[in-house]
Amino acid sequence: MAQRDAALDTLLDLNGQVLVIDEAGYWVKFVVHEVPASPSKPHGLDYSLTLHGLDGDRLVGFDNAHPVAGQRGGSGQDHKHRLRTVRPYEYTEAAALLAAFWNEVESVMREKGVWT
């Protein structure tokens with residue numbers, strides 16, 4: 001029997017978590033659910049991982065909850081938001097998604113001068 005992916009369990013355990021990540025008030029939110037695999041969600045996940053600024057605006061987001069202009073198909077596809085841009089994101093595994101999310105969070109926080 002194949003062993004369950006521990007990183008997937010970690011990702012699923014984050015569902016519903018809202019974490020303040022800086023004393024200035026920046027915060028992250030995780031929404032992650034297992035769903036039946038489908039053409040738009042072949043990995044069997046519906047997810048949204050977001051970083052928000054002091055005013056609540058989304059600064060970083062990785063999700064597959066909605067269609068994106070220019071992407072194939074009419075339903076949600078994996079993509080990432082970074083400030084005002086949206087680009088495709090190719091989901092491969094839970095650990096890679098978490099690493100990519102935290103890398104973008106760190107990059108934006110450094111860009112904004114919040115983290116050094």
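How many salt bridges does a search of the whole structure find? The search finds 4 salt bridges, each a side-chain nitrogen of Lys or Arg within 4 Å of a carboxyl oxygen of Asp or Glu. Side chains of opposite charge can pair when their charged atoms come close. This is a predicted model: local features need pLDDT of at least 70, side-chain atom pairs count only at pLDDT 80 or more, and totals for chains, interfaces and linings use all residues. Residues are numbered from 1 along each chain as its sequence is written, and side-chain values use heavy atoms, leaving out hydrogens and water.

**View 1. Arg 82 and Glu 104 form a salt bridge.** Their closest N and O atoms are 2.6 Å apart. Glu 104 lies in helix H2 (residues 94-111) and Arg 82 in strand S5 (residues 79-82), so the pair ties together parts 22 residues apart in sequence. Helices (H or I, at least four residues) and strands (E, at least two) are DSSP runs, numbered from the N terminus. Glu 104 is buried, at 14% relative accessible area. Buried means under 20%, exposed over 50%, partly exposed in between (1.4 Å probe, protein chains only).

**View 2. Arg 82 also meets Glu 111 in a salt bridge.** The N to O distance is 2.5 Å. This pair links strand S5 to helix H2, 29 residues apart. Glu 111 is exposed, at 51%. Lys 80, Arg 82, Glu 104 and Glu 111 are linked in a network of salt bridges.

**View 3. Glu 106 pairs with Arg 110 in a salt bridge.** The closest N and O atoms are 2.8 Å apart. Both residues lie in helix H2, 4 residues apart, about one turn of the helix. Glu 106 is partly exposed, at 32%. Arg 110 is partly exposed, at 39%.
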